Amino acid sequence: MTPTHFAFSATFLLGLAGLAFHRTHLLSALLCLEGMMLSLFIALSLWTLQLNSASFSASPMLLLAFSACEASAGLALLVATARTHGTDRLQSLNLLQC
């Protein structure tokens, strides 16, 4: 395993661990998701540069577009929950309430 491969695998796993273990606020969960997507984007970009193939050059941009859509949907959910519940703590959210 090369050091760059290890670094991007470690950053993805740290984001996943942060998402799994530190779920107190919705904003921290969204930041962990963004860190995971950023590590995937950089790893995919470096992979396409190493292959020197033009067929994979659109993949990082497609991932970046999906990441931007995910971030905007997450921020919209954050604003909606902060307005309705008064906080972004995940403990105060109840899935059984309408």
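Visitor: What covers the buried residues of helix 2?

Guide: The cover of these buried residues includes helix 1 (3-21) and helix 3, where contact means heavy atoms within 4.5 Å. This is a predicted model, in which local features need pLDDT of at least 70 and side-chain atom pairs count only at pLDDT 80 or more, while totals for chains, interfaces and linings use all residues. Residues are numbered from 1 along each chain as its sequence is written, and side-chain values use heavy atoms, with hydrogens and water left out.

Visitor: Which residues of helix 2 are called buried, and what makes a residue buried, exposed or partly exposed?

Guide: A residue is buried under 20% relative accessible area, exposed over 50% and partly exposed in between, with a 1.4 Å probe and protein chains only. In helix 2, the buried residues are Leu26, Ala29, Leu30, Cys32, Met36, Met37, Ser39, Phe41, Ser45 and Thr48. Over the whole chain of 98 residues, 19% are buried.

Visitor: Why is Leu49 called exposed?

Guide: Leu49, which is found in helix 2 (residues 26-51), has a relative accessible area of 60%, and it is therefore exposed by the rule that asks for over 50%.

Visitor: Why does Leu44 count as partly exposed?

Guide: Leu44, also placed in helix 2, has 22% relative accessibility, so it counts as partly exposed. Not counting residues up to four places away in sequence, Leu44 touches Ser59, Pro60 and Leu63, and the C-alpha atoms of Leu44 and Ser57, which are 13 residues apart along the chain, are separated by 9.3 Å.

Visitor: What span does helix 3 have, and which helix do its buried residues pack against?

Guide: Helix 3 (residues 59-85) has 27 residues and reaches 38 Å between its first and last C-alpha atoms, close to the expected 39 Å. Its buried residues are Pro60, Leu63, Ser67, Gly74, Leu78 and Thr81, and they pack against helix 2. Of these, Leu63 is in contact with Met37, Leu40, Phe41 and Leu44, leaving aside its neighbours within four places in sequence.

Visitor: Why is Thr87 called partly exposed?

Guide: Thr87 lies in the segment after helix 3, and it is called partly exposed because its relative accessible area is 26%. The C-alpha atoms of Thr87 and His25 are separated by 8.7 Å, although these residues are 62 residues apart along the chain.

Visitor: What makes Leu38, Ile42, Leu46 and Leu49 a patch?

Guide: Patches are made of residues with over 30% relative accessible area and no salt bridge, like charges being joined within 9 Å and nonpolar side chains (Val, Leu, Ile, Met, Phe, Trp, Tyr) within 5 Å. A salt bridge is a side-chain nitrogen of Lys or Arg within 4 Å of a carboxyl oxygen of Asp or Glu. The four residues Leu38, Ile42, Leu46 and Leu49 form a nonpolar patch on the surface, with about 350 Å² of accessible area together, as given by the Shrake-Rupley method with a 1.4 Å probe, in which only the protein chains shown count as cover for residues.

Visitor: How does the radius of gyration of the chain stand against that of a compact globule?

Guide: The radius is taken over C-alpha atoms, and the globule rule is 2.2 Å times the number of residues to the power 0.38. A compact globule of 98 residues would have a value near 13 Å, but the chain has 17 Å. Along the principal axes, the C-alpha atoms fill a box of roughly 50 × 25 × 20 Å, and the chain holds three helices and zero strands.

Conventions. Helices (H or I, at least four residues) and strands (E, at least two) are DSSP runs, numbered from the N terminus. The expected span of a helix is 1.5 Å times one less than its number of residues.
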